[in-house]
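Have your viewer ready, and try each task before reading its solution.

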Amino acid sequence: MTDTVTEQRLLSPEEVTRAQRMIDKLVDGLGRAILGQQELLDLVTICLLARGHMLLEGLPGLGKTELVKSLSALLGLGFRRVQFTPDLLPGDIVGSPILQDADGSRKLVFHKGPIFANLLLADEINRATPKTQSALLEAMQERRVTVMGETHELPQPFFVLATQNPIELEGTYPLPEAQLDRFTFKINVYGVSSDTLQQIISQRQHGHPPALSEVLTHEEMEHLFDAVDSVHLPEAVANYIARLVNATHPDSSDAPEECRKYVRYGASPRAAIALAGTARAAALLAGKPNVGFDEVRRVAVSVLGHRLVLDYSARLEGWTQVRMVERLVDAVPEVGRPVPQDVEV
Amino acid sequence: MTARDRWIDRHLRRLHFGQFLQRALEWLTVYLFCFGTTVLVVKLTAPNLWPHVLWVGAGAVPVTILAWWTSRTGQFTRGESVALLDRSLGAGGLLMTLTEAPDEDWETHLPQVEQRWRESLPRIRPKRFAGTLALPLSFTIGACFVPLREIAANPVVKNTAGQQATSELENMLEALEEAQVLEEKEEQTLRDAIEKLQEETADSPLTHEKWETVDALEQRMRMQLEEASVGVAQAAQAAAILAKAGDGEAGELSAERMAELESDLIETLRKMAENGSLSAGAGKMGLSKSDLERLMKSGQLGLPKDPKERQELLNELSDFLQEEADKLSELRGECEGGQCQNCGQECEGGQCQACAGNKPGRGGVTRGRGDAEMAWGDESDDTGIKFKETVLPPGMQEDPKEEIIGLTKSEPEVDPATGISRQAARADDPAAGRETWNRKLRPRHRGAVRRFFDSAESE
C-alpha cells in the first residue's frame, strides 16, 4: 500500500449509495449478532473500513469475542483466535521454523503461526508478556513478519482485534505505548440496557448467536476500501485534525489548560493519519462523499483516547483519557482563527 | 461566478467587517481612554491648552483607518469562510468539498433555498460594539466637562517678611555709609551680620530670634547714628561759641571753658577724620593732609595763633559742622514744627518715634502688639481655595435713556399710549432723586447683596 497524492475524483452519489448499501449489510449482520450496541458496531465497522486494528476493552461477557467472530463470518475472512496467556511465546503467534526431512535432507521449514489470518482475535492481549505482545508490532504496522531473517507477508486484508479486561489486572502486562499506538481504535465496550438484555435472554437461550453468512466478498471489501480512500478530506477539516492532534501535546500553544496540566505525552502523527482515515470511513458510513467536522469529532475519542499518556495527577483529579479528548474537542475550534466577537456566526 | 460563490463572498465580507469592528473597538477604546486622560491632565495642570486639546479628538479618524489597516493582516481566508458557512448551513463539509472539487452531481445536495443561505450569513452585533465603547466614550466626555483648575498667575514670593526686614537694614547701612558715620571695622561687622541674616531668611521664615537680631542690628546702627549726630552737633556748637568768643560777642570765656570747648571740637574732628567725613570739607577749611593725618593719629590739631586766621577757621568749622549736623539730624528723623522731617509723621517728645525705632512691635516680646504694624509672612498660592475672586460686570443696569433705540432723519414720533409710563420713566431718571434705591441690580448681583444683608442680620 502506497500513499500518493493524486488529483482526487469525488465519489458520485451512486457510488456512495452503493458503498453505503454494502456497509449497511455488514452493520445489519453485526446487529443481528450483537444486540443493542449500535454505536459499538458503527465504530467497529468504521475501523474495519479504515483498515485499522482495534482494541476492545470491557468486562467479561459483553460480547467482545462474539463480535469479532461475527465479523469474521460476515466478511468471509480467515479467522484465527489466540488466547493470550503469560506463558505464550512470540513463536506461538508468528510461527517458528521446524526441522523437517525433505528429499533425504533436513532443513528448517517455517510453520506459519495463527497471525497468518485475515482476522486475528488477540483475546485478553494484556495477559501475555511484553515480549510476546511486541511480536505483533511489525505485523500490525507493516503487515508482515520476519522470522530468522526471512520476511513473510501477511494475507490481505489483515486486522488485529484485541480484547482486554479492565479488571483482574493482577498478573497482566499493560500494553506498551508503541503497541497501543498501533491500534487505530480503542473501543470501550459497555453493558446494554435492560430492554436489550431482555431481548437477549428471550432470543438466545444458550447464548449462541444466530448463524451468519457472508455478506461481503473480498472484492466488495476491496471496493469499499477504495471508496473510503476516495472520500474527500477538505483542507479546513485536515487543518482541524492537525490542530486537534497538536493540541494533545502539553507544550502546544493550542493545548487547553487541562491538557497542559494533566497530559504528559500527546498523540503521534500516526494518530492524525488514523483520525483522517477513520473520519473518511465514518463519512462513507454516513453516506457522504466528504469528511466533515462531525465525522472527526465522532471518531476522536476512539482514536486519540488510548494515545494520551496522562499525568498521575489526572487520576487524582478524575481526568480520564476519554474525558480529556472530549475536552480537547470542545476546546479546539473548527476554524483556526477566532470569530470576531461582534459577529454571530 | 455561481450563486454559491456570491454567498461565500458575502459571508467573507461580513467576517472582514466584523474583524474590522473588533480591531476598531480595541483601538478606539485605548484611544478614547488616552484622549480622556489627556483632556483631564490638561484641565488640571495646563488649563491654558484648553480647548485646543480637543483637536486631539481628530485623531479618531487616523486611528480608525489604522484599525482597518491592521485588521487586514489577520483576515479570514476564503477557505475559513467556507468552513464557517458550511457549518452554518449544516452541509456536513459538502460546501468545502465542492469549493475545492466542484461536482455537479453533488451541487444539488447543497441547500437550494435562498433563505437558508441568507440565514447562514454572520450577523453583525453593533450592540456589543456600542456597549463596549460606551465606557471610554463616557469617560472622555466626562473629562471634557471637568472644570478648569485655576493656576496661580503670580509666582509665589517666599519669605517676603524676611526679605523686607533685611532690605531695610541694608538701606539703613548704606545711608550710614553715605553719611560716613561708621568706622570701617564697625561697618564691616554690620555688613557681615546683615548678609548672614539675608542668607538665613532666604528660604526659611523669620523666627523670633531672627526678628530680635533684626531689631538689635537696627538699634545698633541707630545708636551709632545718634552718637555721631550728637557729637557733631556739640562740636558745631563749640565751634560757634569759640568763633563768637573771638568776635567778642559771647563775652569773656574762661580759659578752662575755652580749653574744654577746643578739646570737644578736636575730638569730634578726630572721629570725623577717622570716618573720612572730614576729608570732603578739609580743603575748604584750609586743613592740609598732614593736619588730617595728625588728627587721625594723635588727635592733636593746633588752632592758629593768629586771631584772624583762628577766627576764620572757627567760622568755617562752625559752618561745616552745622551742615554735617543737619544731615545727620535729617537722617535721624529730627522733628521740626511737631513733624518728622524724615518721614512726615507726628513727633512725640520732640522725636519721631517711628524713625527712632520706637514704633510698636519693634522686636522681641513687644513685636505683635495690637497697634503694631502687621508683619506679613509668606504668601500662599490659591491652590485649593474654595472661593475665588471673580470680576463681575457693573452691577447697575445701564441707564435706559442712554440706549440708542433707533436713528431717524427727523424728530422721532412718540406714541404716548405705547410709551413708558411717567412713573417708570421717573424711576429710572437720575434727576428724580430716587435713583439710589430705584436702580435695578443685575440678576447676578442680587444673590451677593442678599447674602450681605442676611449675614448682617444674623450678626
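Below are the ground rules, followed by the exercises and their solutions.

This is a predicted model, in which local features need pLDDT of at least 70 and side-chain atom pairs count only at pLDDT 80 or more, while totals for chains, interfaces and linings use all residues. Residues are numbered from 1 along each chain as its sequence is written, chains are lettered from A and ligands numbered from 1 in the order in which they are written, and side-chain values use heavy atoms, leaving out hydrogens and water.

**Exercise 1.** Find the buried residues of helix H6 of chain A, and say what they pack against.

*Step 1.* Take buried as under 20% relative accessible area (1.4 Å probe, protein chains only). In H6(A), residues 135–142, this gives Ala135(A), Leu136(A), Ala139(A) and Met140(A).

*Step 2.* Because they cover an arc of only 95° around the axis, they lie on the same side of H6(A). The arc is taken from the directions from the helix axis to the C-beta atoms.

*Step 3.* Look for contacts (heavy atoms within 4.5 Å). The partners of these buried residues include strand S5 (119–123) and helix H7 (177–181) of chain A.

**Exercise 2.** Describe how chain B meets chain A.

*Step 1.* Count residues: 35 of chain B are in contact with 29 of chain A.

*Step 2.* Look for salt bridges (a side-chain nitrogen of Lys or Arg within 4 Å of a carboxyl oxygen of Asp or Glu). The rule finds two across the interface; one of them joins Glu80(B) to Arg337(A), with the closest N and O atoms 2.9 Å apart.

Notes. Buried means under 20% relative accessible area, exposed over 50%, partly exposed in between (1.4 Å probe, protein chains only). Helices (H or I, at least four residues) and strands (E, at least two) are DSSP runs, numbered from the N terminus.
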